[in-house]
Amino acid sequence: MTDIKSLSFDELKSALEGYELKRFRIAQIYKWLHVFGVSSFDEMTDLPKNLRNRLSEEFCIPSCRIENKYTSALDGTVKYLFRLADGEFVESVIMKYKYGYTICISSQVGCKMGCSFCASTLAGFKRNLLPAELESQIHAAQRDLDVRISHVVLMGIGEPLDNYDNVIKFLRTLNSPDGLHLSLRDVTLSTCGIVPMIYKLAEEDMPITLTVSLHAPNDKLRSSMMPVNERWGVNEVISACKAYAKRTSRRVSFEYTLIKGVNDSEECAMQLASLLKGFISHVNLIPVNNVVERENKKPSDKAVINFQIALKKFGINATIRRTLGSDINASCGQLRRKKQETLTENGGESSENSCKNR
């Protein structure tokens, strides 16, 4: 069966050519899929029943089912563990700000990148998410919370630029006037620094905010934390970011996870400032999350503030990320890993995904 939700409007028209449907009928189907985010054809109540039956015989609608939901008592942040059609799991986080609701979504089931401070890679990489599965995380959260999400961050499980084609297709659908119609200026994509894909993304003419997980100011230290640096070093990453900023006229942000005794020294701050000198950028300082399987320790609040002061002294714009959902383990990867461990202990669960990407 063909994944109907991952089709663009033109692809949908082509796929339904044999149905001899008028354009308004195809538009109805597209609206049900991308505005209302339905998970079955039976929910398309303004379509004739015989058409719904025929669609269900030839197509499937990938969706996300809520497996677990956690709500922070501290700030209202909501974290979801979603089950996919094939039994795999991904995570999403909803955060409320003054300007509205932001969702942080996953782009892959697991991650290949192997960063030493991240929980997403611990349970291993399984597969890429389809465009429909990326979008369905938004639909599932909106439906459950009865809110409209206005900002999207691709910073959950997985490396978005390692799932490039599906992510780009998802973004175009997200921006479509016939779909959720979110402004791409309200979308942030976070990458660990896959240099060729950064250059390619710059050519897409999408005004999204690029955020790069830097976490170290030199190759020796970054390679010890992030294996991807062995392929594309710090200077290559910075050059690609400068090219992206020039092409898109968008400021690039850098994530810098502070780990006690590893990358939080004044010397590291000076090296980082030198690296970004003359480049319109922003540094987001993130005290490391405690992950049971990792030995990384969070710096003191004073050390974090001193690092920020050191950067600002050298003219680098830096802020400290506000911690949200700290009481529900809102950093991605931890829920999926625990769920998989539980399933393994209980003998696992089998599931079959009959949906394929056209």
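This briefing covers the nonpolar cores and the salt bridges of the structure above. The model is predicted. Its largest nonpolar core has 79 residues, and a second, separate core has 20. The salt bridges number 15.

**Nonpolar cores**

- Val152, Leu171 and Leu311 have the most contacts inside the largest core, which has 79 residues.
- Helix 8 (residues 234-248) supplies the largest share of this core, seven residues.
- Leaving aside residues up to four places away in sequence, Leu171 touches Leu154, Leu184, Val187, Met206 and Ile208.

- Glu11 pairs with Lys169 in a salt bridge whose closest N and O atoms are 2.7 Å apart.
- This pair links distant parts of the chain, as Glu11 is in helix 1 (residues 9-15) and Lys169 in helix 5 (residues 164-175), 158 residues apart.
- Glu11 is partly exposed at 32% relative accessible area, and Lys169 is partly exposed at 22%.
- Arg172 and Glu204 form a salt bridge with an N to O distance of 2.7 Å.
- Arg172 has a relative accessible area of 43% and is partly exposed.

**Other salt bridges**

- Asp162 and Lys112 meet through their side chains at 3.3 Å, N to O.
- Asp162 is in the loop between strand 9 (149-154) and helix 5, while Lys112 is in the loop between strand 7 (108-109) and strand 8 (127-128), 50 residues apart.
- Asp162 is partly exposed at 24% relative accessibility, as is Lys112 at 49%.
- A network of salt bridges links Arg65, Glu67 and Arg83.

Conventions. Residues numbered from 1 in each chain as written. Predicted model: local features only at pLDDT ≥ 70, side-chain atom pairs only at ≥ 80, totals over all residues. Heavy atoms only, no water. Core = buried A, V, L, I, M, F, W, Y, C linked by side-chain atoms within 4.5 Å. Buried < 20%, exposed > 50% of the residue type's maximum accessible area, 1.4 Å probe, protein only. Helix = DSSP H or I, 4+ residues; strand = E, 2+ residues; numbered from the N terminus. Contact = heavy atoms within 4.5 Å. Salt bridge = Lys/Arg side-chain N within 4 Å of Asp/Glu carboxyl O.
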